[in-house]
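User: I am new to this structure. Please walk me through how to read it, one feature at a time.

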Amino acid sequence: MKQELIRVIEIHYYIFRRCLYEALEHNKSQNLLASKIMEIFSSSETLLLSSFSCIVIVIFICMKWILFDSRNRKNIPPSPQKLPIIGNIHHLGSSPNRNLQILSQKYGPLILLRLGSIPTLVASSAEAAHEIMKTHDLSFCSRPSIFAPNILLYGSKSIVFSPYGEYWRRLKSLVVLKLLSNIRVKSYKKVRENEIVHMIQMLRESCGTTIDMGSMFTSLTNNIISRIALGRKLDGPKYQKLLREFVDMFSVFCIGNYFPWLSWVDQVTGTVRRAKKIAKEFDEFLESIIEEHVNKKKGEDANSNEEGEDFVDILLDLQKDNTSAFALQRDTLKALIMEAFAAGTETTQTSLEWAMSELIRNPRVMKKLQQEVTEIAQGRSMISEEDLERMSYLKAVVKESLRLHTPFPLLLPRESVQDVKLMGFDIAAGTQVIINAWAIARDPSLWEEPNEFRPERFLNNSINYQGLHFEWIPFGAGRRSCPGIQFSVPVMELALANIVYKFDIVLPNGIKSEDLDMTEAFGITIHRKSSLIVSVSPRF
Ligand code: HEM
């Protein structure tokens, strides 16, 4: 090695001298200068100096060599073949959860993809999920910067897409303690029950004809969230449309999400303009709602709203609270309200639609559920939230449906904040992380007959919503887990219990229940591709 180094220095020094000589020789008029320079160059000090610079160059080369070698020695998770420029984007296809499941069967539970220019780790086993969201939760607790929330949520000022840090911590604890606490969510019981009565009325009116259950569940969840968040319903097709566009914007393809340096293309394609237009309209609407609340508070009749305080009321009070360590800016307030719509409506609506689809396709389960709710209701006109506690089969139905139809099949992307060793692999800081919760929930080594709808598997076991059992994580786990569980689960349970209690449900035009189309469509959530059109008839 030493000999080689000396030889390299000698050769470089010789070549350097030769080149200089040739270059100067070329220009005859500079001959004198050439010989002068060569003279200087041949002096012993210069020899020393140039030898030193050659050594520096060689050390630099060796360092690079060593570094490159150590990088090579790093244990990187397996990767399927990449295409030039796009990397592995083509592997996602139109059903990323299914396609990534297939890849994991070939390459193992941890795969490293390159989506455009973004290194992306995909985890597809309960063990990998446990390692990421529990053992190394702190290393994987950030979120990547994504186009839609940057525009729609005031530069990602809400919780979901905030990078990990003090701002996110304070905001999350504020929301968990003030907006989505157990007591607070219970206080909205009247709103939920009231909207369920309204939905049952719609179903009753549809008897003798058909009804689109998906649209009905959309109205139910929109009404509940808007009454709780804003104090009133989003009446009129204008706001319904705006809300639809707002939610849809989160699943629009943006080149900037894969190639940050190409985000200008999203300007050219009009995606940015469209998002800004929606954000502006939503902002104007929220401003008018906030003004309404401020004016109402001025004429303070504290309990004038019979539904109690809504989210805007609570947040405005927090804004005025000088004792709070966290100054709540107006944009943050609006981002939190928008987030409730973005995170809470489509997820709950989709879950309800899938649960109802599975009940229709599985008459045995439907019958068993109807027996349970009828027994507990004891002839009362409606099932109340208090009744739900005793409905263990209903709870199992909801959990089983969330297992087969995890609304966010890949959860929400995370990002590593530091280099970390994960199951023997080296994961670099800044790697995007996807957890295929859908694949885990259908893993045959964890679930018997995983593609069957069998609520019984959730009876008499301890799997709960808290994200402690990594084979079933529809709400995520760890620091970034969903704070909206207590908000959405009672809505799903109450809606399903009352529908199956009051009605028998069949598919129209004599379509057999087992022929119900269950094709999935991938968007912000995984939802039914076709509408769920049914006929209902009263049970008594
Ligand atoms: C069926 C209904 C719902 C499902 C399946 C669901 C699922 C999820 C999932 C998978 C995550 C990411 C967890 C992770 O990264 O580990 C999440 C985050 C979140 N969810 Fe939900 N969610 C639902 C309803 C709601 C509701 C009703 C709200 C609020 C009203 C809500 C607010 C949030 C927020 C704020 C976060 C971000 C947490 C963070 O980044 O720290 N979710 N949700």
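Analyst: Strand β3 and strand β11 (residues 533-538) run antiparallel and are joined by 2 bridges. Two strands pair if DSSP finds at least two bridges between them. Across this pair, I211 stands opposite V534 in β11.

User: What kind of model is this, and how are residues numbered?

Analyst: This is a predicted model: local features need pLDDT of at least 70, side-chain atom pairs count only at pLDDT 80 or more, and totals for chains, interfaces and linings use all residues. Numbering starts from 1 along each chain, as its sequence is written.

User: How many helices and strands does the protein chain have?

Analyst: First, the rule. Helices (H or I, at least four residues) and strands (E, at least two) are DSSP runs, numbered from the N terminus. The protein chain has 21 helices and 11 strands.

User: Which sheet holds β3 and β11?

Analyst: An open sheet of 3 strands, in the order β3-β11-β8, with antiparallel pairing. β3 (211-212) and β8 (503-506) stand at the edges with a single partner strand each, so one side of each has no neighbour in the sheet.

User: What is the strand order in the open sheet of 4 strands?

Analyst: The order is β1-β2-β7-β4, and the pairing is mixed. Its edge strands are β1 and β4 (414-415), each pairing on one side only.

User: How do β1 and β2 run, and how many bridges join them?

Analyst: Strand β1 (residues 110-115) and strand β2 (residues 118-123) run antiparallel, joined by 6 bridges. They form a hairpin with 2 residues between them. In the turn, G116 has a positive phi of about 70°. Now look across the pair. I111 stands opposite V122 in β2. L112 stands opposite L121 in β2. As a general idea, side chains in a regular strand alternate between the two faces of the sheet.

User: Now helices. At what angle do α10 and α11 cross?

Analyst: Axes are lines fitted to C-alpha atoms, for helices over the stretch in contact, and angles run from 0 to 180 degrees between N-to-C directions. The axes of helix α10 (residues 189-206) and helix α11 (residues 213-230) come within 10 Å and cross at roughly 155°. Angles under 35 degrees count as roughly parallel, over 145 as roughly antiparallel, 65 to 115 as roughly perpendicular and the rest as oblique. Therefore α10 and α11 are roughly antiparallel to each other.

User: Is the crossing of α10 and α11 left-handed or right-handed? Which residues make the contact?

Analyst: A crossing is left-handed if the near helix is turned anticlockwise from the far one by less than a right angle, and right-handed if clockwise. α10 passes α11 in a right-handed crossing. The contact uses V191, R192, E195, M199 and M202 of α10, with M216, L220, N223, I224, R227 and I228 of α11. Residues are in contact if their C-beta atoms, placed from the backbone, lie within 7 Å. By class, the contact of α10 with α11 has 7 nonpolar, 1 polar and 3 charged residues. Ala, Val, Leu, Ile, Met, Phe, Trp, Tyr, Cys and Pro count as nonpolar, Asp, Glu, Lys and Arg as charged, and the others, Gly among them, as polar.

User: How do α15 and α16 pack?

Analyst: Helix α15 (residues 311-320) and helix α16 (residues 330-361) pack at about 155°, with axes 10 Å apart. They are therefore roughly antiparallel to each other. Their crossing is right-handed. F311, V312, L315 and Q319 of α15 meet L333, L336, I337 and A340 of α16. The residues of this contact divide into 7 nonpolar, 1 polar and no charged.

User: And at what angle do α14 and α15 cross?

Analyst: The axes of helix α14 (residues 271-298) and α15 come within 10 Å and cross at roughly 70°. α14 and α15 are therefore roughly perpendicular to each other. This crossing of α14 and α15 is right-handed. The contact is made by I289, I290, H293, V294 and K297 of α14 and V312, D313 and L316 of α15.

User: Where does G523 lie, and why does G523 count as partly exposed?

Analyst: A residue is buried if 20 or more other C-beta atoms lie within 10 Å of its own, exposed if 12 or fewer, and partly exposed in between; C-beta atoms are placed from the backbone. G523 lies in the loop between β9 (520-522) and β10 (526-528). G523 counts as partly exposed because it has 14 C-beta neighbours inside 10 Å.

Methods. Two residues are in contact if their C-beta atoms, placed from the backbone, lie within 7 Å.
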